[in-house]
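I want to know how its parts pack together, and then I will look up a few single residues.

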Amino acid sequence: MTLLIIAFSFVISTVLWYIKPESNMKIGTLSLMYWGATLMWFVDAVAEYLKVGVEFFTPAASDMLNDSYLGASVVLLGLIIWLVIVLIKDPNARLKKVLTNNK
């Protein structure tokens, strides 16, 4: 379930990046983070399949729920890291304008 959630996120972020590659919002960075996580969970799924065999395809409901929480947490953590990167880079200088206008 984690693999499916993170793969869905990487597809969305990659499509967004492909639509607007010239965007300065660092969507490529977000896409690369999700690509890496998808690759990591794919290798984990293959290793688990080699270990347990076809039982891999019939997980318990509690395992699916735990994997869903983990997948959602990874997507959220990726978004938080991306947001911090965007705020630090401040591509449109909006944060700088807000901070300098209040003084």
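**Entry 1: what I have.** I am working with a predicted model. I start with the helices and take them in pairs. Two packed helices are described by the angle between their axes and the distance between the axes.

**Entry 2: helix 1 and helix 2.** I looked up helix 1, residues 2–19, against helix 2. Their axes come within 8 Å and cross at roughly 150°. Angles over 145 degrees count as roughly antiparallel, so helix 1 is roughly antiparallel to helix 2. I noted the hand of the crossing as left-handed. On the helix 1 side, the contact includes Leu-3, Ile-6, Ala-7, Phe-10 and Trp-17. On the helix 2 side, I found Tyr-34, Trp-35, Thr-38, Trp-41 and Phe-42 among the residues that take part. By class, this contact has 14 nonpolar, seven polar and no charged residues.

**Entry 3: Thr-38.** I stayed in helix 2 and picked Thr-38. Is Thr-38 buried or exposed? Its relative accessibility is 12%, so Thr-38 counts as buried. I then listed what Thr-38 touches, leaving out residues up to four places away in sequence. The list is Leu-3, Ile-6, Ala-7 and Phe-10. One of these, Ile-6, came up again when I looked at polar atoms. A polar atom of the Thr-38 side chain lies 3.5 Å from the backbone oxygen of Ile-6.

**Entry 4: helix 2 and helix 3.** Next I took helix 2, residues 27–52, with helix 3, residues 61–89. Their axes come within 10 Å, and I read a crossing angle of roughly 150°. Helix 2 and helix 3 are therefore roughly antiparallel to each other. Helix 2 passes helix 3 in a right-handed crossing. From helix 2, the residues that meet helix 3 are Ile-27, Thr-29, Leu-30, Met-33, Tyr-34, Ala-37 and Trp-41. Their partners in helix 3 include Leu-70, Val-74, Gly-78, Ile-81 and Trp-82. I sorted the residues of this contact by class: 13 are nonpolar, two are polar and none is charged.

**Entry 5: Met-33.** I went back to helix 2 for Met-33. Which residues does Met-33 contact, leaving aside its neighbours within four places in sequence? I found Gly-78, Ile-81 and Trp-82. Its relative accessible area is 25%, so Met-33 is partly exposed. I also checked Met-33 against Ser-23, 10 residues apart along the chain. Their C-alpha atoms are separated by 17 Å.

**Entry 6: Leu-83.** Leu-83 sits in helix 3. At 46% relative accessibility, I put Leu-83 down as partly exposed. Leu-83 and Ser-31 are 52 residues apart along the chain. I found 13 Å between their C-alpha atoms.

**Entry 7: helix 1 and helix 3.** One pair was still on my list. How do helix 1 and helix 3 run, parallel or antiparallel? They pack at an angle of about 25°, with their axes 8 Å apart. Helix 1 and helix 3 are therefore roughly parallel to each other. I recorded their crossing as right-handed. Helix 1 makes the contact with Thr-2, Ile-5, Ile-6 and Ser-9. In helix 3, I noted Asp-67, Gly-71, Val-74 and Val-75 among the contact residues. The count by class is six nonpolar, four polar and one charged.

Key:
Residues numbered from 1 in each chain as written. Predicted model: local features only at pLDDT ≥ 70, side-chain atom pairs only at ≥ 80, totals over all residues. Heavy atoms only, no water. Axes fitted to C-alpha atoms, helices over the stretch in contact; angles between N-to-C directions. Helix = DSSP H or I, 4+ residues; strand = E, 2+ residues; numbered from the N terminus. Parallel < 35°, antiparallel > 145°, perpendicular 65-115°, else oblique. Left-handed = near helix turned anticlockwise from the far one by under 90°. Contact = heavy atoms within 4.5 Å. Nonpolar A, V, L, I, M, F, W, Y, C, P; charged D, E, K, R; others polar. Buried < 20%, exposed > 50% of the residue type's maximum accessible area, 1.4 Å probe, protein only. Polar contact = N/O pair within 3.5 Å; in protein donor to acceptor, adjacent residues only side chain to side chain.
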